[in-house]
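Have the structure open as you read.

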Amino acid sequence: MPIDSPAIRWLDDHLLLLDQRRLPHQTEWLSIQNASDAADAIRDMAVRGAPAIGIAAAYGLALEARLLGERASLERLAPALERLASSRPTAVNLFWALARLRERAADLRGDALAHRLIREAETIHQEDQAANQRLGEYGAALLPANATVYTHCNTGALATGGYGTALGIVRAAWRGGVLNSVIAGETRPWLQGARLTSWELMQENIPVTLVADSAAGLLMAQGKVDAVVVGADRIAANGDTANKIGTYNLAVLARYHDLPFIVAAPLSTVDPRMADGGGIVIEERDGNEVRQLGGQAIAPADVPVYNPAFDVTPAALISAIVTEHGVIQRPDRDRVAAHLENAR
Ligand code: MRU
């Protein structure tokens, strides 16, 4: 059965991905026919957000197996797996999804292998939607009444299998009547907050105000923020969390202003084999993403640039991590381990 979510459409013999580079002004869908198309879409930022990247990679591998037909085997799929795995380094959902597919199809070949991979990719897609809805409810329960939530990057239906992680909490809080409004930081340099989050919230008439990232401290000092809610690209075993660059700044500000700092992510974003945030590979991207804005130069063409796409927030600055299994208050190694154990 075709599976539909706002940015990912599975149509049984191919995949459609909403090209997020064109939003909010154009709605264009990319047709993905094989693993290489999927890897390109991930690497070139057409599909964005940790859970969405994992889902796209899973479908890409399944499509590749289908093209191989009777010749399909995990050995023959090795180059496709390699290509997908090297598309982006930080979000663990990509590696988690590929490992899950490999494991579930370990003893299969030919059409049976392709069918299993397709079913598994569909399951990952559906599970992610359901996980977001559950974690949204858990997270909304942590917010004070009439809350104004500051968020960063994009964590909504576009970045996931549907509904969203941090924006899942926002959606649930809005439906539950406890949300006053959202403040979205624009999220330089890719502007996910400006281009995606503000657009997505406006589609649902959830009140949102867009601010420059550098306004966050002033807003907190003025008492205009009740909680910071963000997503995650990888959560280490001790709770240290990699997320979009600028998240760590917000966590430091939230601590100074005594505000809750809440991380929302499905269990597929938790990487128990990563002991702490120090080992997480931080993607470094092209300097022109900082030297230019919308293709226009805003800095000297040859100014040296450092452009890390993510940062790591130490667990000690996180008030709670929310997953589809519940809430880890004041996360540390023992609490994360207990949460994973209970979720089994
Ligand atoms: O646009 P990306 O893929 O570089 O951004 C990743 C994200 O969307 C996030 O960091 C997000 O906050 C966590 S994934 C829902």
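Let's start with Threonine 187, which is in the loop between β6 and α7. Helices (H or I, at least four residues) and strands (E, at least two) are DSSP runs, numbered from the N terminus. Though not a glycine, threonine 187 has a positive phi of about 70°. Proline 189 is also found in the loop between β6 (179-185) and α7 (192-203), and the peptide bond joining arginine 188 to proline 189 is cis, with omega about 0°.

There's a cis bond elsewhere, too: leucine 23 to proline 24, omega near 5°. Proline 24 belongs to the loop between β3 (15-18) and β4 (29-32). For context, most peptide bonds are trans, and most residues other than glycine have a negative phi.

## A word on the model

This is a predicted model, where local features need pLDDT of at least 70 and side-chain atom pairs count only at pLDDT 80 or more, while totals for chains, interfaces and linings use all residues. Residues are numbered from 1 along each chain as its sequence is written, and side-chain values use heavy atoms, leaving out hydrogens and water.

## Who touches the ligand

Which residues are the closest to the ligand? They are Arg88, Gln192, Asp233, Asn243 and Lys244, out of 17 that surround it (a residue is near if one of its heavy atoms lies within 4 Å). By type, the shell splits into 7 nonpolar, 6 polar and 4 charged residues (Ala, Val, Leu, Ile, Met, Phe, Trp, Tyr, Cys and Pro count as nonpolar, Asp, Glu, Lys and Arg as charged, and the others, Gly among them, as polar).

Now for the polar contacts (pairs of N or O atoms within 3.5 Å). An N or O atom in the arginine 88 side chain is 2.8 Å from a ligand oxygen, and a polar side-chain atom of glutamine 192 also lies 2.8 Å from an oxygen atom of the ligand. Asparagine 154 uses a polar backbone atom, 3.0 Å from a ligand oxygen.

## Between two domains

Domain 1 (3-132) and domain 2 (135-343) both give residues to the shell, so the ligand lies between them (the bounds come from an automatic or database domain assignment).

Notes
A polar contact is a pair of N or O atoms within 3.5 Å; within protein, one must be able to donate a hydrogen and the other to accept it, and residues adjacent in sequence count only if both atoms are side-chain atoms.
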